[in-house]
Amino acid sequence: MDRHTWMYEISRTTLEYVDGVKNFITCATKDMEKKHREEGKEKMILCPCRGCKNFKKHRSVDIVRGHLFRRGFKEGYVKWIWHGEGVQSSKTSGTKRGREEDNMTNNEEDDVDIDRLEEMIQDMEDHFMHQPDILNSLVDDSKNLLYPGCNDQFTRLSTTLRRRRYCVPWA
């Protein structure tokens, strides 16, 4: 059974879903341990449930497991790139969902970047602990809308990050 099917199309009480969550937890735990060893990061795991949407980190794998059984996975998270699985993973290749993700448009890629904005700010806190004015400026820019009345996903920081991504360094 492909990953998209057990994650989104069958009941969360089936053996397939239970086994899938077990495999996810194994993958995520290995990644958490690796990050702890290599980068000295605190042992925390991002929760990919429909409520946390890979924004919230938890110290306990049991909390994440519970969220996945109660709420299910965040829609579209069949490649576990934030939990140690490479972007080029073969686990979803050949599936309907895998082909759809391979054909992702730039707008969809931008949405992924916007989803990661909060995590980027959290990661930068360690780097700017001795420069609180810069950190505070980044946090403010992540909350301030680009202009009054615009869509709430377009903040000063998200727009700056998106622009830098598409800038040509020699232009």
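Helix α3 has its buried residues covered by, among others, α2 (15-39), β1 (45-46) and β2 (57-58). Cover here is judged by contact, meaning heavy atoms within 4.5 Å, while helices (H or I, at least four residues) and strands (E, at least two) are DSSP runs numbered from the N terminus. This is a predicted model, with local features needing pLDDT of at least 70 and side-chain atom pairs counting only at pLDDT 80 or more, whereas totals for chains, interfaces and linings use all residues. Residues are numbered from 1 along each chain as its sequence is written, and side-chain values use heavy atoms, with hydrogens and water left out.

Helix α3 itself runs over residues 61-71, and its buried residues are Val-61, Val-64, Gly-66, His-67 and Leu-68. Buried stands for under 20% relative accessible area, exposed for over 50%, and partly exposed for anything in between (1.4 Å probe, protein chains only). Just past the helix sits Gly-72, with a positive phi of about 85°.

His-67 belongs to α3 and counts as buried because its relative accessibility is 8%. Setting aside neighbours within four places in sequence, His-67 touches Cys-47, Cys-49, Cys-52, His-58 and Gly-72.

What about disulfides in the whole structure, and how many are found? The search turns up 0, a disulfide being a pair of cysteine sulfur atoms within 2.5 Å. For Cys-52, the closest cysteine sulfur is that of Cys-49, and at 3.7 Å it is too far for a bond. Cys-52 is also buried, because its relative accessibility is 3%.
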